[in-house]
Amino acid sequence: MLVSQHKDESNDKKTFQIFKVLLKLFVLLWEVSSLHLVILIILKVLQIFIPILQMFLVTRLIDRITSFLIPGASSELFDTIIHIVLLQIGLLILNSILKSIERIVMFQLKAKTKFYIQNEVGKKTTQISYENFENPQLYDEIYKASTGDRSLDLVDASVQIVQDIFTLISYLIVIGTLLDWRLAGIICVLFVISLIANMKLGHLKFTQIMNQTPLNRKMNYFFSLLTGKDAAKEIRTFDLSNYLMNKWKKVYWSSYSDQQKLEIKATLILSILDVFIIVTVNLIILYLAQISYIKQYSIGLFVAVNQAITTSQSSISILSMQISRIYNNALYAKELFSFLEKKNEITGNHTEKIFPERIEKGIYVKNLYFSYSTGKYSLENVSFEIKKGQKIAIVGHNGAGKSTLAKCLLGLYNPSQGEIYYDDLEIRDIERQSFTKRVTSVFQDFVRYQLTLRENIGFGNVEKMDDEALLNNSINKAGLEKKIFKKGFDTQLGTIFNGGVDLSIGQWQKISLSRAFISEAEIIILDEPTAALDPITEVEVFDKFLELSGDKTAIFITHRLGSCKSADNILVLDNGKLIEQGTHEELVKMNGEYAEMFKMQSEWYL
Ligand SMILES: Nc1ncnc2c1ncn2[C@@H]1O[C@H](COP(=O)(O)OP(=O)(O)OP(=O)(O)O)[C@@H](O)[C@H]1O
Ligand SMILES: [Mg+2]
């Protein structure tokens with residue numbers, strides 16, 4: 001099953017998973033650019049020593065200045081002070097250079113990683129079978145995986161943490177050697193407590209966001225309805241804006257109120273922790289003052305240890321923030337990795353067979369059953385045969401199962417039971433690319449690509465997109481006049497992008513038909529491709545289609561029975577079952593469902 005639920009695992013396991021995700025992330029970064037990763041880590045390691053060196057210089061500087069201020073001090077002391085200041089300037093410039101290089105390297109690594117992740121998510125999405133797009137959980141999964149963009153923040157945080165941890169350790173060493181190892185131990189314990197609290201809160205936040213995914217998708221849907229073009233017309237004519245705005249507001253505030261509860265809880269816990277850390281650290285400073293008096297520390301030494309204590313305190317809060325950032329983002333990255341690690345569903349096993357260049361016998365459907373997740377059969381025990389080159393019509397009332405049958409024939413849905421054969425090859429054993437080259441379709445809900453006319457037609461046969469003669473030929477066959485397109489095949493269609501022209505639905509439909517005409521497929525499945533055409537054009541297009549399709553096998557779904565007269569066989573579906581089949585004359589003679597439908601339609605049209 002493609003869709004997985006977010007499970008609540010034990011804390012240990014979760015922590016372990018984070019390390020697994022971090023490891024995967026570093027492997028991914030290594031694949032993206034090992035050079036950038038190595039440079040970045042070297043830069044971070046170099047930067048660890050800067051604050052320690054700086055602390056060392058400050059100690060020396062204060063001691064020298066104190067000695068210099070004593071009356072009668074040697075003027076040579078001033079030279080040493082100048083040396084120390086120069087060293088400090090050098091150190092700060094070095095730090096700034098390291099940071100600048102780091103910024104550029106990080107920028108490049110992030111851009112490369114973003115490209116890598118989006119490319120992989122894109123590739124993976126095309127490998128998900130169409131059937132799964134019926135499942136709303138898939139959209140949630142894709143949505144969650146695309147928030148895997150936050151993995152980039154993880155790159156930042158996890159590289160930063162290498163530096164932060166080493167910096168904290170070096171401060172602890174200073175405190176341990178110059179003051180007391182037990183105090184270094186106490187600071188270490190404070191760090192662990194703060195770490196656990198931040199990880200716990202990070203996890204709670206993550207679970208909340210994951211659980212809110214369906215709600216957020218709904219919120220985005222309402223917003224896109226309000227701001228997009230698709231619904232703009234109906235929203236205005238039915239005056240739906242208030243209703244939709246209210247729906248959006250309700251979802252927005254309900255998701256906000258949950259978030260706020262958690263935010264308050266987090267702030268409370270972290271503030272208590274902060275107070276605890278501040279008090280402890282200041283008690284340690286008091287102890288330092290006492291020790292300095294007993295052991296007669298120099299001012300420089302006192303300042304250095306004091307600095308080590310106070311900066312290790314701020315280091316703890318920076319580190320715990322960094323760790324909660326890692327924790328939080330690692331869980332997003334986990335979703336991304338689990339999406340990327342899904343089994344490919346479309347390209348498959350080596351037993352796949354290549355679709356024949358020319359089909360010999362035809363199509364054979366045997367005891368076909370299909371049900372959507374609702375459980376009810378939308379196709380039930382359907383069997384029929386189509387001989388090579390035949391023109392077949394499929395008719396039936398709305399919801400009879402016509403489109404479902406077309407999608408099964410196209411291999412978009414896997415039958416629940418039964419088989420579909422193209423010659424002697426069962427559809428599930430056929431290699432997909434060879435299949436799509438030879439079997440094409442025009443859907444009822446065809447896509448209006450907001451691209452050029454050339455692309456809109458050329459998508460039927462991408463390799464021939466630049467073949468003007470073929471493009472001309474296909475629009476002629478579909479009955480589309482080229483002169484309405486000012487820039488010819490390079491006219492931009494649709495109004496989403498600048499300079500585009502919009503077309504009538506019938507014109508769009510003719511374009512979708514052109515896609516079938518430009519294709520070199522031998523079998524064409526048309527799902528009501530003429531529904532938006534006016535009756536006269538429809539007859540013209542249909543006759544032309546049948547005439548031009550020559551020895552191609554054509555299966556067309558239609559509600560206008562007039563178009564079926566020239567079909568070699570008509571399949572009548574009702575409630576998922578094949579109830580009648582035969583030629584127009586045979587079915588009229590049979591005086592069953594088809595004859596009834598035909599009689600009624602003749603009355604409407606006359
Ligand atoms: N994605 C889906 N999920 C669940 N049920 C579906 C889905 N698509 C279609 N159905 C159901 O399957 C049955 C057949 O639908 P289908 O789209 O094949 O009908 P159709 O004959 O093409 O109808 P129309 O003439 O309106 O296009 C209907 O009862 C419909 O409710
Ligand atoms: Mg349909």
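Which helix does Gln 88 lie in? Gln 88 belongs to helix 2, which covers residues 76–126; helices here are DSSP runs (H or I, at least four residues), as strands are (E, at least two), and both are numbered from the N terminus. Before going further, note that this is a predicted model, in which local features need pLDDT of at least 70 and side-chain atom pairs count only at pLDDT 80 or more, while totals for chains, interfaces and linings use all residues. Residues are numbered from 1 along each chain as its sequence is written, chains are lettered from A and ligands numbered from 1 in the order in which they are written, and side-chain values use heavy atoms, with hydrogens and water left out.

Back to Gln 88: with a relative accessible area of 15%, Gln 88 is buried. The scale calls a residue buried under 20% relative accessible area, exposed over 50% and partly exposed in between, using a 1.4 Å probe and protein chains only. Not counting residues up to four places away in sequence, Gln 88 touches Gln 54, Leu 57, Val 58 and Leu 61, where contact means heavy atoms within 4.5 Å.

Now step back to the whole chain. It is divided into domain 1 (17–340) and domain 2 (362–605), with bounds that come from an automatic or database domain assignment. Their C-alpha centres lie 55 Å apart. Four residues of domain 1 are in contact with eight residues of domain 2. About 510 Å² is buried between the two domains, and carbon and sulfur atoms give 49% of that; buried area is the accessible area (1.4 Å probe) that two parts lose on being put together, summed over both. On the domain 1 side, Tyr 130, Glu 131 and Lys 229 lose the most area to domain 2, together 83% of what that side buries.

Lys 229 also forms a salt bridge with Asp 502, the closest N and O atoms being 3.1 Å apart. The term stands for a side-chain nitrogen of Lys or Arg within 4 Å of a carboxyl oxygen of Asp or Glu.

Ser 403 lies in helix 10 (residues 402–409) and Gln 444 in the loop between strand 6 (439–442) and helix 12 (453–458), so the pair ties together parts that are 41 residues apart in sequence.
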